[in-house]
Amino acid sequence: MHYLRMYADSRRQAILITGPVGAGKTYLAKQYSNMLGISDFQVIDARVGMVREAIDNCYALNNDLVLCIENLDLGVDGVSYALLKFLEEPKLNTFLVITCRNVRQIPDTIVSRCVTLNVPNMTADDLRLYAKQTYPDVMLTLNADTILWKCIKAPSDIGAIAQLSAEQVRYFPSICGVVNATNSVATIVWRFQKFPDNTATPIRIVIRYLMFSNCTWVQPCINCLNALATGRLGTHAALSKLAFELKYGWV
């Protein structure tokens, strides 16, 4: 936070925040917006169409804006090219925050035009403090379910749990029972992704809950989380593979 405050005081227009999954990079981007006193904070994925549209909109705005582009290292070269043009001719009322997991995947032309902030994973104490400050009510839920607390790896996880109803939270302890002889792989996948009220589950938290609930499921769950993080498999394919391995045994 010290360096972030220093950058805000000098009103740096381009910041590159790099760190592992769950380090709270987007949370820090929002904090930077707050430090600048800018309420207009927008987050977009590193997709060419979205980035070009966002940049075009920046040139049309008169108010101050903080634009956060997430996971630039997972985007294509066209995204970096669109950003480079903007960095070469920045608009004074637009502040750019770029996040990435692997800075080596970011072109040097982008890195050289930004100040870089390296962040490690948030500790359990960091996450607990964040929860107390941002979602004080959710701490009752997390303290009541120690497994659910273990599933928290990032501020976004806390935000996802804060949005759940009490009935949805109570669904988590029953998730392991979904993996049984009578349920097909397709049914298991469906129930991993949907609460009984048919709303979407926070899927990564579901997978972690499975992992911490059954010691024999640790490796398949880790493999699934890695596949989702890297985009090697689509969500449905990754969950189908996981469901099959949990039901029939992982080798």
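Helices here are DSSP runs of at least four residues, numbered from the N terminus. The model is predicted.

**Close-up 1. Glu245 and Lys241 pair within helix H14.** Both residues belong to helix H14, which covers residues 235-248. They sit four residues apart, about one turn of the helix. Glu245 has a relative accessible area of 13% and is buried, because buried means under 20%. Lys241 is partly exposed, at 40%.

Close-up 2. Arg5 is partly exposed, with a relative accessible area of 39%. Asp9 reaches 57% relative accessibility. Asp9 therefore counts as exposed, since that class starts over 50%.

**Close-up 3. Glu88 and Arg113 join in a salt bridge.** Their closest N and O atoms are 3.7 Å apart. Glu88 comes from helix H4, residues 77-88. Arg113 comes from the loop between helix H5 (108-111) and strand E5 (115-118). The pair therefore ties together parts that are 25 residues apart in sequence. Glu88 is partly exposed, at 47% relative accessibility. Arg113 also counts as partly exposed, at 36%.

**Close-up 4. Arg208 is a buried residue of helix H12.** Helix H12 runs over residues 203-213. The relative accessibility of Arg208 is 10%. Arg208 is therefore classed as buried, because the limit for that class is under 20%. What does Arg208 touch, not counting residues up to four places away in sequence? Arg208 touches Cys151, Lys153, Asp157 and Leu225.

**Salt bridges across the model.** How many salt bridges does the rule count? The count comes to five.

Technical notes:
Residues numbered from 1 in each chain as written. Predicted model: local features only at pLDDT ≥ 70, side-chain atom pairs only at ≥ 80, totals over all residues. Heavy atoms only, no water. Helix = DSSP H or I, 4+ residues; strand = E, 2+ residues; numbered from the N terminus. Buried < 20%, exposed > 50% of the residue type's maximum accessible area, 1.4 Å probe, protein only. Contact = heavy atoms within 4.5 Å. Salt bridge = Lys/Arg side-chain N within 4 Å of Asp/Glu carboxyl O.
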